[in-house]
Amino acid sequence: MTMAIEKLVLIKEAELTNNCPECFNQDLKLTFYQKHRFAKLYHRITNEVTHQIICNKCGSDIYPAKWTDDIERIFEYYQKMMQPEKSSLKLKPLFYLLVLIFIAIIGIGGYLFSTGLIQF
């Protein structure tokens, strides 16, 4: 079986007017992502949420070590407003088909064994 594909799905995006610690421009973007795993048999929504702050002017990532008090307050505000999807597991139709085939094979085997057509 192949590994599940992990994707970061956008939850919320906000334009910030705080000063960039690198270029001092007031054009930052805060983005929240939630990790989703996609496989052939299931789609799993994890409770893992990540964030990213980027300066739209100089293009640099603003890491938490460089945050000012204002950036930290705004981040906490948006973090409380953000609504991630609940962690869940959604099974795909292929999973149900495989379970149905497995049950059918067990049923046919039991029938053939009980009628004496198959002996162990």
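Q: Which residues does Leu28 touch, not counting residues up to four places away in sequence?
A: In this predicted model, Leu28 touches Ala14, Glu15, Leu16, Asn18, Asn19 and Cys20, and also Ile53, Ile54, Cys55, Asn56, Ile62 and Ile71.

Q: Which residues of the largest nonpolar core touch the most other members?
A: In soluble globular proteins, nonpolar side chains tend to be buried together. Here the largest nonpolar core has 14 residues, and those touching the most other members are Leu28, Leu30, Phe32, Ile53, Ile62, Trp67 and Tyr78. Two or more residues of this core come from each of strand S1 (5-16), S2, strand S3 (42-55) and H1.

Q: How many disulfides are there?
A: A pair of cysteine sulfur atoms has to lie within 2.5 Å to count as a disulfide. By this rule the count is 0. Cys20 is in no disulfide, and its nearest cysteine sulfur, that of Cys55, is 3.7 Å away. For Cys23 the closest cysteine sulfur is also in Cys55, at 3.6 Å, which is too far for a bond.

Q: Is Cys20 buried or exposed?
A: Buried means under 20% relative accessible area. Cys20 has 1% relative accessibility and therefore counts as buried. Cys23, at 30%, counts as partly exposed.

Q: Where does Gln34 lie, and what does its side chain reach at 2.8 Å?
A: Gln34 lies in strand S2, and at 2% relative accessibility it counts as buried. A polar contact takes a pair of N or O atoms within 3.5 Å. The side chain of Gln34 reaches the backbone oxygen of Glu85 at 2.8 Å. A polar atom of that side chain also lies 2.8 Å from the backbone oxygen of Thr46. Leaving aside neighbours within four places in sequence, Gln34 is in contact with residues including Lys7, Leu8, Val9, Ile11, Ile45, Asn47 and Pro84.

Q: Why should helix H2 span 32 Å?
A: The expected span is 1.5 Å times one less than the number of residues. H2 covers residues 93-114, which is 22 residues, so it should span 32 Å; its end C-alpha atoms are 32 Å apart, in agreement. After H2 comes Gly116, with a positive phi near 85 degrees.

Q: Where in the chain is confidence lowest, and where is it highest?
A: Confidence is read from pLDDT, which runs from 0 to 100. The mean for the chain is 90, and 98% of its residues reach 70 or more. Confidence is lowest in helix H1 (residues 69-81), at a mean of 91, and highest in strand S2 (residues 28-38), at 94.

Methods. Residues are numbered from 1 along each chain as its sequence is written. This is a predicted model: local features need pLDDT of at least 70, side-chain atom pairs count only at pLDDT 80 or more; totals for chains, interfaces and linings use all residues. Side-chain values use heavy atoms; hydrogens and water are left out. Helices (H or I, at least four residues) and strands (E, at least two) are DSSP runs, numbered from the N terminus. pLDDT is the predictor's confidence in each residue, from 0 to 100. Buried means under 20% relative accessible area, exposed over 50%, partly exposed in between (1.4 Å probe, protein chains only). A polar contact is a pair of N or O atoms within 3.5 Å; within protein, one must be able to donate a hydrogen and the other to accept it, and residues adjacent in sequence count only if both atoms are side-chain atoms. Contact means heavy atoms within 4.5 Å. A nonpolar core is a set of buried Ala, Val, Leu, Ile, Met, Phe, Trp, Tyr and Cys residues joined through side-chain atoms within 4.5 Å.
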